[in-house]
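This report is a first guide to the structure shown below. Please look over the sequence and the model before reading on.

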Amino acid sequence: MEAQIEITGFVALYIFMLAAFAGWVIIGHVPAILHTPLMSGSNFVHGIVVVGGLFALLNASTVTEQAIGFVAVLLGAGNAAGGYAVTDRMLAMFQTSGQQTKHAKPRSHTKKA
Amino acid sequence: MFTMIPQLIIGVADLAAALLFLYGLKRMSSPVTAPSGIFVAGLGMLVAILASFLYAFGVSATARPYLPGNIALALVALALGGGLAWWSGRKVAMTAMPQMVALYNGMGGGAAGAIAAVELFGGTANGVTQLVVTLIGALIGAVSLSGSLIAWAKLDGILNKPLRIQGQQIVNLVVMVATLAVGGYIVFVTLAGAAPVITMPALIGLFFGLALLFGILMTLPIGGADMPVVISIYNAFTGLAVGLEGFVLQNPALMIAGMVVGAAGMLLTLLMAKAMNRSVSNVLFTNFGTVAKHKKGDMPGSLKPVEAGDAGIYMRYAAKVIIVPGYGLAVAQGQQKLYEFVKLLQSAGVEVKFAVHPVAGRMPGQMDVLLAEAGVPYDLIFQLEDINDDFAAADVALVIGANDVVNPAARSDKSSPLFGMPILDADKAKKVYVVKRGGGAGYAGVENGLFYGDNCNMVYGDAQAVLVKMIEAVRGLGLSAAA
């Protein structure tokens with residue numbers, strides 16, 4: 001099996017088109033109540049850019065490339081980790097009336113979730 | 001041959017990551033499955049990051065001597081960036097969520113821009129398509145970075161006034177055209193093999209500088225109330241930039257994840273703009289406030305203030321109460337007290353529902369998160385289209401810290417800047433209480449006819465203080481009944 005991936009011209013456009021359509025359809029079904037976690041969640045998903053940063057950094061062969069690659073990984077990792085942390089925290093807060101009895105005390109503002 | 005196995009593993013891992021992202025986002029479409037959804041997506045991210053270290057097996061001969069150092073740098077960057085962001089994300093207050101998301105988003109845009117910079121400086125892009133896509137990705141990423149940072153500063157209160165200069169749009173246009181011109185020149189020089197007027201690195205630096213400047217100039221004039229749209233749009237921008245850089249790096253996981261987010265962000269942007277009665281271009285290119293010049297006609301009727309305690313007791317004996325929370329409630333940190341009051345009403349047999357407008361808050365759906373944080377179960381929270389018919393049957397509508405989203409002028413007054421905006425029909429309830437700090441107009445600077453209606457009473461004061469008084473009044477009632 002050929003492991004090297006080569007995406008050119010129309011193949012790229014097909015991938016973009018299908019991905020955009022998938023995003024539109026999936027997100028279209030998310031209720032408005034979840035729009036904030038959804039936005040931070042999709043914010044987390046584009047943190048995948050850190051993989052591109054790693055590729056660039058590992059292939060760096062000059063100091064300039066190393067420096068910029070380092071920044072790319074640093075920022076990408078921040079995007080991914082931060083996006084996950086806030087989304088996870090917010091989603092844990094959504095409870096139904098039935099679940100409330102188990103977590104009787106409402107969370108305070110200062111306490112960590 | 002030696003490099004084939006790692007490549008295969010990376011390919012499979014990226015494929016798995018793309019699938020896990022899509023499946024995770026799909027699971028986020030219901031509050032019940034959403035927590036597992038982000039976990040699934042997180043798993044995808046972990047797999048992709050771990051596998052990407054296998055790129056080390058495929059580096060070119062020139063980069064090989066640097067490899068140990070580069071791996072060390074990568075680990076440091078991951079730990080530092082990831083650790084700091086994780087820590088800040090864990091401790092940030094829910095009210096500060098919009099600026100936090102803006103910040104993380106800017107980071108993503110910056111990362112995409114930096115990848116493009118490495119490609120451009122290294123001169124590794126082959127062919128005109130790759131070069132042009134790299135440049136477009138760089139432009140969008142850089143705009144998203146600087147724009148998000150400005151949005152963050154605005155939301156965080158560091159920059160608190162929209163900054164507008166004469167001929168702003170012309171300046172923006174000039175900067176935009178200049179950026180594109182420099183980008184075009186880079187393509188021309190690379191293809192023709194001609195000697196550029198200034199060195200290539202300087203040219204690339206100029207390109208990034210102009211793009212960053214454009215992001216700043218574009219965001220500075222936009223007011224705080226329009227931030228939900230701005231955050232959504234930069235989220236979409238970063239997604240797009242990541243997708244385009246994914247194409248340059250020939251990485252389908254980046255392409256798919258980026259484009260999914262790009263499309264999702266665009267959809268959210270349009271939803272937000274619709275809920276605010278503005279078009280996206282109107283938000284970006286028109287200064288808010290210029291449209292609000294609207295004659296202040298005298299309102300029929302008068303403002304009728306009442307005591308908080310009396311309003312609380314009235315609600316205690318109502319059968320059905322709908323609460324309309326607005327951003328003013330969050331500013332006063334009154335969500336906890338509000339839910340305490342609601343629980344009192346519920347235990348007295350009152351049916352209570354929350355009605356949330358799509359733009360309540362500084363980012364889409366922020367009010368829902370703030371209520372959830374206070375412990376309000378999400379089955380009590382209703383969105384505009386699901387609850388608007390209920391107001392006519394409600395005994396009381398309690399409006400706290402909201403103004404423009406309940407302004408009936410949006411339905412009837414064609415001359416109002418709010419006309420056409422979907423609003424919560426609080427005025428249709430039998431009785432309306434409005435908790436408000438003072439007599440001023442709303443964010444849009446428009447008088448609210450609701451406040452002057454025969455069925456409406458004003459309760460002046462800080463939302464939290466007012467709620468405390470309401471709770472005391474209702475509690476006192478229970479005590480005297482028992483005595």
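## The interface between the chains

Chain B and chain A bury about 9200 Å² between them, and 76% of this area lies on carbon and sulfur atoms; buried area here is the accessible area, taken with a 1.4 Å probe, that two parts lose on being put together, summed over both. On the chain B side, B:Ile38, B:Arg90 and B:Glu373 lose the most area to chain A, and together they account for 7% of what that side buries. The size of an interface is often given as the accessible area lost when the parts come together.

Counted by contacts, meaning heavy atoms within 4.5 Å, the interface brings 112 residues of chain B together with 88 residues of chain A. There is 1 salt bridge between chain B and chain A, a salt bridge being a side-chain nitrogen of Lys or Arg within 4 Å of a carboxyl oxygen of Asp or Glu. A:Asp88 forms a salt bridge with B:Arg90, and the closest N and O atoms of this pair are 3.1 Å apart.

## How to read the model

This is a predicted model, in which local features need pLDDT of at least 70 and side-chain atom pairs count only at pLDDT 80 or more, whereas totals for chains, interfaces and linings use all residues. Residues are numbered from 1 along each chain as its sequence is written, chains are lettered from A and ligands numbered from 1 in the order in which they are written, and side-chain values use heavy atoms, with hydrogens and water left out.

Chain B holds 17 helices and 6 strands, where helices (H or I, at least four residues) and strands (E, at least two) are DSSP runs, numbered from the N terminus. The C-alpha trace of chain B spans about 90 × 50 × 35 Å along its principal axes, and 55% of its 483 residues are buried, a word that stands for under 20% relative accessible area, with exposed meaning over 50% and partly exposed in between (1.4 Å probe, protein chains only). Among the contacts of chain B with a separation of 6 or more, 77% are accounted for by residues 24 or more positions apart. Its accessible surface comes to about 19100 Å², of which 68% belongs to carbon and sulfur atoms; such areas come from the Shrake-Rupley method with a 1.4 Å probe, and for residues only the protein chains shown count as cover.

Chain A has 5 helices and 0 strands, and from the N terminus on its elements run α-α-α-α-α. Of its 113 residues, 56% are buried, and residues 24 or more positions apart account for 58% of the chain A contacts with a separation of 6 or more. The accessible surface of chain A comes to about 4700 Å², with 67% belonging to carbon and sulfur atoms.

Helix α1 of chain A, residues 9-28, contains A:Tyr14, which is exposed at a relative accessible area of 52%. A:Tyr14 also belongs to a nonpolar patch on the surface, formed with A:Phe10, A:Leu13, A:Met17 and A:Leu18, and the patch has about 610 Å² of accessible area together. Patches are made of residues with over 30% relative accessible area and no salt bridge, like charges being joined within 9 Å and nonpolar side chains (Val, Leu, Ile, Met, Phe, Trp, Tyr) within 5 Å.

## A buried strand in chain B

Strand β1 of chain B, residues 320-325, has 6 of its 6 residues buried, so it is largely enclosed by the rest of the structure. In a regular strand the side chains alternate between the two faces of the sheet. In β1(B), B:Lys320, B:Ile322 and B:Val324 point one way, while B:Val321, B:Ile323 and B:Pro325 point the other way.

Two strands count as paired if DSSP finds at least two bridges between them. β1(B) pairs in the parallel sense with strand β2 of chain B, residues 351-356, over 4 bridges, and B:Lys320 stands opposite B:Glu351 in β2(B). β1(B) also runs parallel to strand β4 of chain B, residues 396-400, to which 5 bridges join it, with B:Ile322 opposite B:Ala397 in β4(B).

## Two loop residues with positive phi

B:Gln250 has a positive phi of about 55° although it is not a glycine; this residue lies in the loop between α8 (227-248) and α9 (252-275) of chain B, and at 19% relative accessibility it counts as buried. B:Gln333 likewise has a positive phi of about 55° without being a glycine. B:Gln333 is placed in the loop between α12 (327-331) and α13 (335-347) of chain B, and at 29% relative accessibility it counts as partly exposed.
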